[in-house]
Amino acid sequence: GALSLLGPPPGAPSCPHGPALLFVKNSQGREEGRRFYACSACRDRKDCNFFQWEDEKVSQTRLAAREEYNRNHRPSFTHRQNVERYKNFVLLPLSKRRFCQECQQLLLPAEWERHSDHQVLCDISTAQLKSPSQLLYPLENKKTNAQYLFADRSCQFLLNLLIDLGFTRVLSVGTPRLHELIQSKASQEDFKVRSLLLDIDFRYSQFYTEDEFCHYNMFNHYFFGGEAACETCRKFLHEDNGERVIMVTDPPFGGLVEALASSFKKLMAMWEETGKEGHSKEMPMFWIFPYFFESRILDFFPSFNMMDYQVDYDNHALYKHGKTGRRQSPVRIFTNITPSMIVLPVEEGYRFCTVCQRYVSSGNQHCEICNSCTSKDGRRWKHCVLCKKCVKPSWFHCNNCNCCALQTHSCEKTEAGCFVCGKAGHKRSACPGLS
């Protein structure tokens with residue numbers, strides 16, 4: 001059956017990732033499915049096995065066990081303790097600065113013995129401390145953390161663009177490398193941009209103060225630090241009466257768009273509380289996501305436009321430049337800022353379309369019939385008269401399906417078979433071959 005997200009209701013039970021989300025499973029032939037709670041951050045039960053039917057009566061014994069489980073999965077140190085540890089760490093001579101790669105933790109001399117059989121990096125420099133995203137192992141679960149880090153080219157482009165647009169404060173939601181770049185330039189006299197990082201990866205609390213980092217789950221708008229952390233975010237958004245602040249977010253691509261949109265709207269609402277006259281309708285925002293999610297994002301944010309700029313990542317097998325990956329990343333910037341204001345680098349193959357009044361990829365040719373630069377993936381698309389729209393160059397019109405598709409596609413009139421055994425009549429989840 002199909003799953004539908006009903007949102008994070010008040011009083012929802014919690015797992016180590018905060019309040020669970022409420023879903024409903026609609027079975028074929030039934031109008032209303034049974035509702036259940038599941039982890040907001042992990043879509044794979046192997047990562048977090050929290051599950052509870054909405055109408056299930058949970059015993060006190062099970063509730064107590066759940067509380068104990070959640071407590072045991074909290075970080076070893078609080079954010080404040082980590083800040084104090086960092087202050088002591090930077091006072092150490094270089095020869096005594098160590099980082100445990102297995103525990104992903106800065107080590108003070110009194111802790112060395114407990115980590116004696118672990119892989120340890122020595123002589124941690126100040127430059128390394130200012131680049132924690134390169135010191136920490138990236139968490140690469142596509143559906144939960146997916147720390148695919150911006151390539152230097154894309155990161156520097158984003159920062160230059162933000163400066164050119166006049167923003168002085170960046171709410172960095174799941175963008176640790178952008179936050180890191182801003183922090184590294186903070187000491188420069190002529191640099192006026194500040195950043196607050198909201199991220200589910202608590203390891204960053206070892207390197208940033210409580211005014212620079214909040215432990216945050218973007219799938220359920222949950223601040224692990226409670227009201228104090230939420231107030232830190234609110235104050236950051238309300239500085240200068242909410243002027244010259246932008247949210248930049250780079251969520252895991254396997255995440256639920258509905259859950260993400262709900263959280264982003266709550267952050268926007270937090271900004272709107274300033275109530276300053278002359279505010280635009282929405283807080284300025286860059287949502288960085290693959291282009292094939294365009295229709296889903298526009299469902300929740302109709303004012304957004306997708307830019308042609310291709311965002312690259314250092315540690316992603318496909319989404320980066322170079323011989324080892326696909327040359328064209330599908331990741332784009334979705335924004336509510338007027339497209340004509342976003343200048344893309346001509347030296348990287350972008351040009352300004354005077355008709356569309358925005359920068360586009362050099363291969364994105366203007367279609368006179370659609371009256372738009374229609375390409376989504378950087379290649380030149382072709383117009384199909386029968387479909388009355390532009391389609392990918394590798395697609396052809398299928399008279400059976402009455403639409404364009406790859407020549408190797410299975411026609412809609414032919415019943416699709418199971419992905420496991422190839423037989424018709426059932427889907428992969430119900431395949432007897434799975435057993």
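## A walk through the fold

Of the 435 residues in the protein chain, 46% count as buried, meaning under 20% relative accessible area, with exposed set at over 50% and partly exposed in between (1.4 Å probe, protein chains only). This is a predicted model, so to speak of local features takes a pLDDT of at least 70, and side-chain atom pairs count only at pLDDT 80 or more, while totals for chains, interfaces and linings use all residues. Residues are numbered from 1 along each chain as its sequence is written, and side-chain values use heavy atoms, with hydrogens and water left out.

The secondary structure comes to nine helices and 25 strands; helices (H or I, at least four residues) and strands (E, at least two) are DSSP runs, numbered from the N terminus. Contact here means heavy atoms within 4.5 Å. Among contacts between residues at least 6 apart in sequence, 54% join residues at least 24 apart.

Now for the rings. The structure holds 20 aromatic pairs. Rings of Phe, Tyr and Trp (its six-membered ring) pair if their centres lie within 6.5 Å, and planes under 30 degrees apart count as stacked, over 60 as edge-to-face and the rest as tilted. With ring centres 5.7 Å apart and planes at 20 degrees, F23 and F36 are therefore stacked. F23 sits in strand β4 (residues 21-26) and F36 in strand β5 (residues 34-38), so this pair ties together parts that are 13 residues apart in sequence. Both F23 and F36 are buried. Y204 and Y208 have their ring centres 6.4 Å apart and their planes at 15 degrees, so they are stacked as well, and both Y204 and Y208 are buried.

One aromatic cluster is formed by F150, F253, F264, W287, F289, Y291, F292, F293, F301, F304 and Y313. T249 itself belongs to strand β14 (residues 245-249) and is buried, at 0% relative accessibility.

The buried residues of α8 include F264, L267, M268 and W271. The C-alpha of W271 is 9.3 Å from that of K235, 36 residues away along the chain. K235 lies in helix α7 (residues 226-238) and is exposed, with a relative accessible area of 54%.

Helix α7 also has a part in the largest pocket: α7, β2 (14-15), α1 (60-72), α2 (79-90) and β12 (213-217) each supply at least two lining residues. About 1400 Å³ of space lies in this pocket, and 43 residues line it, with H73, R74, P75, F202 and H215 nearest its centre. On a 1 Å grid over the protein atoms alone, a pocket is an open set of points where a 1.4 Å probe fits, with protein on both sides within 12 Å along at least five of seven lines, and lining residues have an atom within 4 Å of a point. Grid points are joined across faces, edges and corners, and the volume is the space filled by probe spheres set on them.

Last stop: H115, in the loop between β8 (105-107) and β9 (120-122). H115 is buried, at 8% relative accessibility, and touches C100, C103, Q105, L107 and V120, not counting residues up to four places away in sequence.
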